[in-house]
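Trainee: I would like to go through this entry residue by residue and then by element. Could we begin once it is on the screen?

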Amino acid sequence: MNDKEYLPLSWLSQICYCPRRAAILLNERVWVENVETAKGRAEHERVHTQRIEKRGEFLKLYEYEVVSEELGLNGKCDCIEATRADNGCIIPAVDFKVTLFPIEYKHGKVREDELEYKIQLCAEAMCLEEMYQTNIPEGEIFFISSHKCLRVELTEELRIMVRNAASELRRIREAFIIPEAKYGSKCKKCSMLEYCMPKVKKSASEYCEKLKLEAEEGECI
Ligand code: SF4
C-alpha cells in the first residue's frame, strides 16, 4: 500500500451518491459549488477547528486525522468522543484507555435514508479501529441546522458497503474512467449538472468536447 495513493475518505459519500460525480471530482479535479454545497461547506467550517476538549475522563477530539491501510483511505473525523473505559484502547491524547464514538456533522435536517452519510461515518470508525486496535459498534450523524442527531449502528452490512465503495473508488482512480451518466432525481440537486450534462447522449457530448478542443487549439495558433 505504501506506493499507492490514499484516497479521500469523504469521497465515499460522493461515490454512493453517484459514481460519475466521484469520478469527475477524482479524475478531472472539478469542483462546482451550488447552493447546497456552499451551505454545507459554510456550516461545516463553522464547527471545524482543530482542538481537543477535555473534561476529566471524557474528551472531544475535533478534526481528527484518520487513515486505513486496509481500505487505502485517509481523511478527518469531524468529532470523536472518547470516554475512559478499562476495556478501551490507548490513543495519543491521554494516558488512560478510552472507548471511541465518532460523530459526523452534516448540514440540513435529519434524513434517515442518507446511506452515503452512514457509509462515511462507518469508514471513519473502521479507520479508528485499525489505528487503535479497537471495536466501535456505533457512531452518530449530527445535523447542524436542526441540531438533531441520528444514532448509527455500524453493522457488518454497512462495513461491507464501505469496503465495496472503497474498492470502486480505487478502480475508478486506477483505470482513470468516468462512468456514463444516469439521469435521475439526484441530478437536480447535483452541483455538477451543467458540467456533466446527464441528459446529453454520449455521442453528442463527445462532439461538444471535440468542438471545445478545436476551439481551444484555434486560440493557441
Ligand atoms: S448530474 Fe447526475 S449523473 Fe451527473 S454527476 Fe450529478 S448526479 Fe451524477
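Trainee: In this predicted model, is Leu 9 buried or exposed?
Mentor: Leu 9 is found in the loop between β1 (7–8) and α1 (11–17). Buried means under 20% relative accessible area. Leu 9 has a relative accessibility of 2%, so it counts as buried.

Trainee: What is the C-alpha separation of Leu 9 and Asn 74?
Mentor: Beyond four places in sequence, Leu 9 touches Val 66, Leu 73, Asn 74, Gly 75, Gln 120, Ala 123, Glu 124 and Cys 127. Asn 74 is therefore one of the residues in contact with Leu 9, with heavy atoms within 4.5 Å. The two lie 65 residues apart along the chain, and their C-alpha atoms are separated by 5.4 Å.

Trainee: How many helices and strands does the secondary structure of the protein hold?
Mentor: Read along the sequence, the pattern is β-α-α-α-β-β-β-β-α-β-β-α-α-α. The secondary structure comes to seven helices and seven strands.

Trainee: What percentage of the contacts in the protein with a separation of 6 or more comes from residues 24 or more positions apart?
Mentor: Of the 221 residues of the protein, 43% count as buried. For contacts with a separation of 6 or more, the share from residues 24 or more positions apart is 60%.

Trainee: How many residues of helix α2 are buried?
Mentor: Helix α2 covers residues 19–27 and is mostly covered. The buried residues are Arg 20, Arg 21, Ala 22, Ala 23, Ile 24, Leu 25, Leu 26 and Asn 27. Just after α2, Arg 29 takes a positive phi of about 50°. For the helix, the count of buried residues out of nine is eight.

Trainee: How is α4 oriented relative to α5: parallel or perpendicular?
Mentor: The axes of helix α4 (residues 115–132) and helix α5 (residues 156–175) come within 9 Å and cross at roughly 90°. Angles of 65 to 115 degrees count as roughly perpendicular. That makes α4, relative to α5, roughly perpendicular.

Trainee: How many charged residues are in the contact of α4 with α5?
Mentor: On the α4 side are Leu 115, Lys 118, Ile 119, Cys 122, Ala 123, Met 126 and Glu 129, and these meet Leu 158, Arg 159, Met 161, Val 162 and Arg 163 in α5. The residues of the contact divide into eight nonpolar and no polar, and the number of charged ones is four.

Trainee: What is the C-alpha distance between Gly 139 and Phe 101?
Mentor: Gly 139 lies in strand β6 (residues 138–143). At 0% relative accessibility, Gly 139 counts as buried. Its contacts beyond four places in sequence include Phe 101, Pro 102, Leu 121 and Leu 150. Gly 139 and Phe 101 are 38 residues apart in sequence, and their C-alpha distance is 5.4 Å.

Trainee: Is Asp 86 buried or exposed?
Mentor: Asp 86 sits in strand β4 (residues 73–89). Its C-alpha atom is separated by 8.7 Å from that of Thr 99, 13 residues apart along the chain. Exposed means over 50% relative accessible area. At 71% relative accessibility, Asp 86 therefore counts as exposed.

Trainee: What is the phi of Phe 176?
Mentor: Phe 176 is in the loop between α5 and α6 (193–196), and Phe 176 is exposed at a relative accessible area of 54%. The phi is a positive value in a residue other than glycine, near 55°.

Trainee: How many disulfides does the structure hold?
Mentor: Cys 18 counts as buried at 16% relative accessibility. Cys 196 counts as buried at 12%. The number of disulfides in the structure is zero.

Notes: Residues are numbered from 1 along each chain as its sequence is written. This is a predicted model: local features need pLDDT of at least 70, side-chain atom pairs count only at pLDDT 80 or more; totals for chains, interfaces and linings use all residues. Side-chain values use heavy atoms; hydrogens and water are left out. Axes are lines fitted to C-alpha atoms, for helices over the stretch in contact, and angles run from 0 to 180 degrees between N-to-C directions. Helices (H or I, at least four residues) and strands (E, at least two) are DSSP runs, numbered from the N terminus. Angles under 35 degrees count as roughly parallel, over 145 as roughly antiparallel, 65 to 115 as roughly perpendicular and the rest as oblique. Ala, Val, Leu, Ile, Met, Phe, Trp, Tyr, Cys and Pro count as nonpolar, Asp, Glu, Lys and Arg as charged, and the others, Gly among them, as polar. A disulfide is a pair of cysteine sulfur atoms within 2.5 Å. Buried means under 20% relative accessible area, exposed over 50%, partly exposed in between (1.4 Å probe, protein chains only).
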